[in-house]
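Work through the exercises below with the sequence and the 3D structure in view. Each task is followed by a solution in steps.

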Amino acid sequence: MAHAYTPGLKASDRTRYLARRILPIAGNVLVKQGDKVSMQDVVASTRLPGDVFPINLSNLLSLQPGDVPKCMLKQVGDAIDIGDILARTPGIFGLFKTECTAKSSGVIESISNITGQMILRGAPIPVEVRAFVTGEVVEVIESQGVVIETEATFIQGIFGIGGETYGRVRMCCKNPRDPLTADKIPDDAAGCLLVGGARMTRDAIHKAIDRKASAIISGGIDDEDLKSLLGYDLGVAVTGTEHIGITVIITEGFGEIAMADRTFELLLARNGAAGAVNGATQIRAGVLRPEIIIPHEKWKLTPDAIESKHGGGTLEVGTPVRIIRDPWFGMLGNVSGLPSQPRSLASGSKARVLDVKCADGETRTVPRANVEIRGG
């Protein structure tokens, strides 16, 4: 049988979206079940232990470790400010005393008469978890976080960098085949989710950063532009922690690639609406896609909203696909063959494969699990 089912990127006008918002360690949940929340509302908070500053008092005071505790002017549990005197030697006949002052603020956690070291713990680091989407709290996980439900336009990208951010959707191109160049970036782009068509240029990204846009979204990007933007070759790994002043989301792949018509139309229909994006991407085990979520004003799901997602379908000869694993990650093409028998791979294992005639004219044989269907 010369066809098979494979997943694809999801794109939906109206769907039920659940945002699971969890603290890194136990803390306080600030909302309750049934509460209505907005994207940037803080729903949970905690305090991470502060940085540790070891201070070798034995060396600084030229003392044996066992003599350190009796020279201490501060004790375990005391709060310390920069410049406070921590310890003082008795000196010789009351003269030539040596002092050690604090270079950091914090609380004394321990003083060892074995090593002569004091451990100073810095101030706790506050951590806040925001709602990320506008919706309703449908579950509270005690001391950990919440689950928020919303009805939203939901779009997955193929690749992204940068973390969670918010803003209003602003279309910068008139059709999905227009490249997103610097001249299309508006001067008043601050806080916007800028949407282009085809490849976004390096200059466009830099201008968007300069204009303080929250995110920039388009069909493709040149891998050399991405490398220049980051300052290093990212490769295919886990992203989302980059700090470049903007979140970047690519919806189709690398190169001169137009945004899928359906994706462009969905974003165009929500032009001016408030949305949230996350560029975090993981291509290997436990696939994680960059996401664009634009909640609808009415949070209660309508009957036609339930799982009206587009993505995936039947693989047949001629089906447009995208390769999603190395060494051809991001390449586009069409299925040109569906061999029925498993084949041996370079790793020595066997798998069902397909032939993809790529945009560069070459035909490549890849495992079926390494492709996804492209939207129109």
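**Exercise 1.** State whether Phe132 is buried or exposed.

Solution. Phe132 has a relative accessibility of 3%. Buried means under 20% relative accessible area, exposed over 50%, and partly exposed in between, with a 1.4 Å probe and protein chains only. Phe132 therefore counts as buried.

The model is predicted: local features need pLDDT of at least 70, side-chain atom pairs count only at pLDDT 80 or more, and totals for chains, interfaces and linings use all residues. Residues are numbered from 1 along each chain as its sequence is written, and side-chain values use heavy atoms, with hydrogens and water left out.

**Exercise 2.** Describe the aromatic pair of Phe132 and Tyr166.

Solution. Rings of Phe, Tyr and Trp (its six-membered ring) pair if their centres lie within 6.5 Å; planes under 30 degrees apart are stacked, over 60 edge-to-face, and the rest tilted. The structure holds 3 such pairs. Phe132 sits in the loop between strands E12 (125-130) and E13 (135-141), and Tyr166 in strand E16 (residues 164-171), so the pair ties together parts 34 residues apart in sequence. Strands (E, at least two residues) are DSSP runs, numbered from the N terminus. Tyr166 is buried too, at 13% relative accessible area.

**Exercise 3.** Classify the pair of Phe159 and Phe254.

Solution. The centres are 5.5 Å apart, with 55° between the planes, and the pair is tilted. Phe159 belongs to strand E15 (residues 159-161) and Phe254 to strand E20 (residues 247-254), 95 residues apart. Phe159 is buried at 4%, whereas Phe254 is partly exposed at 25%.

Technical notes:
Helix = DSSP H or I, 4+ residues; strand = E, 2+ residues; numbered from the N terminus.
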